[in-house]
Amino acid sequence: MLHTSCLRSAAVRGIARSGMANSYVLRLYSSAPLRVPITLPNGTTYTQPTGLFINGEFVPSADNRTTEVTDPSTELPIARVFKAGTADVENAVKAAKTAFDSHWSTADPEVRAKCLFKLADLVEQHAETLAAIESMDNGKSLECSRGDVSLVSKYLRSCGGWADKLYGNVIDTGKEHFAYSVREPLGVCGQIIPWNFPLLMWSWKIGPALVTGNTVVLKPAETTPLSALYAAQLCQEAGVPAGVVNIVPGSGRVIGEALCKHPDVKKIAFTGSTATGRTIMRNAAETVKKVTLELGGKSPNIVFADADLDKAVKNIAHGIFFNSGEVCCAGSRVYVQDSVYDEVLEKFRQYTASLKVGNPFDKDTYQGAQTSQKQLDKILDYVKRGEEEGARVVIGGKRRGAKGYFVEPTIFADVKEDMQIVKDEIFGPIVTVSKFSTVNDVVHKANDSQYGLAAGIHTKDVNKAIAVSRRLKAGTIWINTYNAFHQSVPFGGFGQSGIGREMGAAALENYTQVKSVRMAIDAPEI
């Protein structure tokens, strides 16, 4: 095997992963190809697109620059993909605008529905490959990736069903006029997605944009572009016309700013950190674009004494350790009623100790790798801060193994509400556990945050569950469950957790604008 430093000096343009989970076979290319063969851990080989996807075909970037994509579980390279620049954004926007103006915005609803239904079918047909790509690229467990892919196909199919249901209204304004409203697409939509759910976020952006007649220029995260590019070729196969979907991997700062400031881009949809969301809003303000943001969170997860404690423990574990803790709505602040605090904390510790952390492709792995060295370092730094602030590590808190970005699931107890580990979004498998005594006490603590993305409530008392859910300032409240997404249920945040909603009927509002028509008529005398 060539040393990594040799790879960078050689003209390496692609890699094939062997059937052994940690073994790689390198392929050297004299020039960067637009597709490379990659062998997955199950022994199957697939062809990975590496070019930008513009106007219905994979193309090199204008300056021929590439970037290396790395497997977080092994720290070894997977492939090199082309890296878009501002010239490529210009080409992609031009292709999207042409497609919007010429046919897609006025296509019959049936045409858009068929494309999305077919795309959903193709995602199901390629489910195992897509899940493996996601785990290899992101580091998450294969079990988690399979769940992502399942929701992707369900959501795309749900979007297709809305194609002929984008209703306007007839408005009675008196006998001398006929008035009605219609909902029309916006135009070219710039979409920027994160690295924690690459394919799922791809579908949450692509689905509602396409069904409402818009066209798309989408930037995947620089570290996890592979599933978005693979899915782009499924769009081709599904019959999505050239220019309707364009994928431009590259720097968030370069591509994001270019999309936000481009006069022909009419909307920006962004999922990511709150800090970056503020920058998106500032840049989009220059051309007064419509903006939707799905941002950070520091979500409370509340366990009342009357809850089924064994089920509650599994739910709070899933709420924080699911997807390696890299979830914007993770239940990272657990509040337990004082009378059962010690019992729940011990059950939680024991359950956490049973979770398998390791190779994403191993059968029983629950928690895979963190996505990057940067993220791993951030998580471990917060562990150190928590200890310095006086919090107690109940379990975890250390890196696992010398290779791969693995960290132990970590529980902090004896925390105070003003600690950084309680206030800051860590975006990793770190949870704080605190006591509360009364409903008023826990509602105050739960709402004491700049964020408001989600919350959890665990109780057998339905009246209490409903009453508390009304008082919590969060966009999604899960009761006796957590991280339970459904394609028909809107998802989004209060406060600094964002603007707008994903999924459900609410997502369609993000991609349409209302036109009112009022016509004078000669009403005959009766």
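Rings of Phe, Tyr and Trp (for Trp, its six-membered ring) count as a pair if their centres lie within 6.5 Å, and the planes are called stacked when under 30 degrees apart, edge-to-face when over 60 and tilted for the rest. With that in mind, select Trp204, Trp478, Tyr482, Phe485 and Phe491, which ring pairs link into a cluster.

Before going further, note that this is a predicted model, in which local features need pLDDT of at least 70 and side-chain atom pairs count only at pLDDT 80 or more, while totals for chains, interfaces and linings use all residues. Residues are numbered from 1 along each chain as its sequence is written, and side-chain values use heavy atoms, with hydrogens and water left out.

**Aromatic pairs**

A search of the whole structure finds 12 aromatic pairs. A pair of aromatic rings is described by the distance of the centres and the angle of the planes. Select phenylalanine 197 and phenylalanine 322, whose rings form a tilted pair, 6.0 Å centre to centre with 35 degrees between the planes. This pair links distant parts of the chain, since phenylalanine 197 lies in the loop between strand E11 (188-192) and H6 and phenylalanine 322 in the loop between helix H10 (309-321) and strand E17 (333-337), 125 residues apart. The labels follow DSSP runs, numbered from the N terminus, with helices (H or I) of at least four residues and strands (E) of at least two. Both phenylalanine 197 and phenylalanine 322 are buried, where buried means under 20% relative accessible area, exposed over 50% and partly exposed in between (1.4 Å probe, protein chains only).

Tryptophan 204 belongs to helix H6, whereas phenylalanine 485 sits in the loop between strand E23 (476-479) and strand E24 (494-495), 281 residues apart. Tryptophan 204 has a relative accessible area of 2% and is therefore buried, while phenylalanine 485, at 25% relative accessibility, counts as partly exposed.

**Two helix pairs**

Two packed helices are described by the angle between their axes and the distance between the axes. The axes are lines fitted to C-alpha atoms, for helices over the stretch in contact, and angles run from 0 to 180 degrees between N-to-C directions. Select helix H3 (residues 109-125) together with helix H6 (residues 198-211), which pack at an angle of about 160 degrees with their axes 9 Å apart. That angle makes H3 roughly antiparallel to H6, on a scale where under 35 degrees is roughly parallel, over 145 roughly antiparallel, 65 to 115 roughly perpendicular and the rest oblique. The crossing of H3 and H6 is left-handed, a term used if the near helix is turned anticlockwise from the far one by less than a right angle, with right-handed used if clockwise. Show the side chains of Arg112, Leu116 and Leu119 in H3 and of Trp202, Gly207, Leu210 and Val211 in H6, which make the contact, contact meaning heavy atoms within 4.5 Å.

Next, select helix H4 (residues 127-138) and helix H5 (residues 142-161), whose axes come within 8 Å and cross at roughly 125 degrees. This makes H4 oblique to H5, and the crossing of H4 and H5 is right-handed. Here Ala127, Glu128, Leu130, Ala131, Ala132, Glu134 and Ser135 of H4 meet Leu142, Ser145, Arg146 and Val149 of H5.

**Two backbone positions**

Most residues other than glycine have a negative phi, and most peptide bonds are trans. Asparagine 55, in the loop between strand E5 (52-54) and strand E6 (57-59), has a positive phi, near 55 degrees, and at 40% relative accessibility counts as partly exposed. Valine 288, found in the loop between helix H9 (274-285) and strand E15 (290-294), has a positive phi of about 50 degrees and, with a relative accessible area of 71%, is exposed.

**Two last stops**

Methionine 281 is found in helix H9, and, leaving aside its neighbours within four places in sequence, methionine 281 is in contact with Val291, Leu293 and Ile499. Finish at arginine 392 in strand E18 (residues 392-395), which touches Leu345, Ile411, Phe412, Ala413 and Asp414, not counting residues up to four places away in sequence. Arginine 392 and aspartate 414 are 22 residues apart in sequence and 5.8 Å apart in space, C-alpha to C-alpha.
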